[in-house]
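Hello,

Here is the structure I said I would pass on. My notes on it follow below.

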Amino acid sequence: MKVVIDIGNTNIKMAAYSATTIVGQWRMQTDLRRTEDEYAVMTRAFFASANISVNDIKGVIICSVVPPMLFTIQKLCEALFHVKPLVVGPGVKTGLNIKYENPREVGSDRIVNAVAALDVYKGTPLVIIDFGTATTYCYLNERGDYLGGVITPGITIATEALYTQAARLPRIELKRPRSIVGKTTIEAMQAGVYYGIISQVEGIVSRLAAQGENPPLVIATGGLAPLLAHDMPIIDIVDETLTLKGLVLIYERNQK
């Protein structure tokens, strides 16, 4: 068995796999104040709830966009699973042909998502949208070359900015509004955030599509993808576990 860990700015996603079958999946809040011991307590509880023994774990792979958290989670893995984790970064085999000016600048989560998408959908241009703390767009051509993409503030950042930067606007719950025409301040804010991101996605994807001769397959991932895809026919596939699948693939490629 192996464990895959995706350290994001808001949450840490962890999953246990038996071969390529997921047997447990959990989320923890990303908190720089927590120690490896605190995360170990939570991880033990997760594994116990799924009847998985930490002694059965023979390998771990991590991707992280939060450098200060990486050391903590590495120490957790070494103490709890007694294995040294593989960290996605320079020197790790991914099989991805990155055409960035400086490939080291590409976030490991974006690389992992691209690896997972290419494993299933080959021979067509791809746009991968990850609705996280930042919303990222990755563009791959028909040959599977990673050409680059777009990074924008995420939905949560936009929502919190309205609350913290505008004195009279309240904090709101992100949900699908009843109408584009808000009848209250809260409804107007919800409509602005919700339909604003939809318009952004449609605009960016259409511009990315213009970079190639054939229309791209659009794949969405991230916790908010199912909510937003409801009103975005431009999205072809929603896969909330895309990053975890990519981590499994990269782990296997580095065992050979």
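**Annotated sites and the sheet**

Asp109 is buried, with a relative accessible area of 16%, which is under the 20% cut-off for that label. Please keep in mind that this is a predicted model.

Asp109 sits in helix H3, residues 108–120. UniProt, in an unreviewed entry, gives Asp109 the feature "active site". Setting aside residues up to four places away in sequence, Asp109 touches Cys63, Val65 and Asp130.

Asp130 carries an annotation as well: the unreviewed UniProt entry lists "binding site" there. Asp130 belongs to strand S7, residues 126–131, and counts as buried at 10% relative accessibility. Beyond its neighbours within four places in sequence, Asp130 has contacts that include Asp109, Asn113, Thr135 and Thr136. Thr221, Gly222 and Thr243 are also in contact with Asp130. The side chains of Asp130 and Asn113 are joined by a polar contact of 3.1 Å.

Now the sheet. Five strands form an open sheet with mixed pairing, in the order S3-S2-S1-S4-S5. S3 (21–29) and S5 (86–87) are the edge strands; each has a single partner strand, so one side of each is left without a neighbour in the sheet. Within the sheet, S1 (residues 2–7) pairs with S4 (residues 59–64) in the parallel sense, over 6 bridges. Lys2 stands opposite Gly59 of S4.

Helix H1, residues 36–49, lies across S1, S2 (11–18) and S3, and runs at about 145° to S3.

Regards

How values were computed:
Residues are numbered from 1 along each chain as its sequence is written. This is a predicted model: local features need pLDDT of at least 70, side-chain atom pairs count only at pLDDT 80 or more; totals for chains, interfaces and linings use all residues. Side-chain values use heavy atoms; hydrogens and water are left out. Two strands pair if DSSP finds at least two bridges between them. Helices (H or I, at least four residues) and strands (E, at least two) are DSSP runs, numbered from the N terminus. Contact means heavy atoms within 4.5 Å. Axes are lines fitted to C-alpha atoms, for helices over the stretch in contact, and angles run from 0 to 180 degrees between N-to-C directions. UniProt positions are given in the numbering used here, feature names are shortened, and annotations may be inferred rather than shown by experiment. Buried means under 20% relative accessible area, exposed over 50%, partly exposed in between (1.4 Å probe, protein chains only). A polar contact is a pair of N or O atoms within 3.5 Å; within protein, one must be able to donate a hydrogen and the other to accept it, and residues adjacent in sequence count only if both atoms are side-chain atoms.
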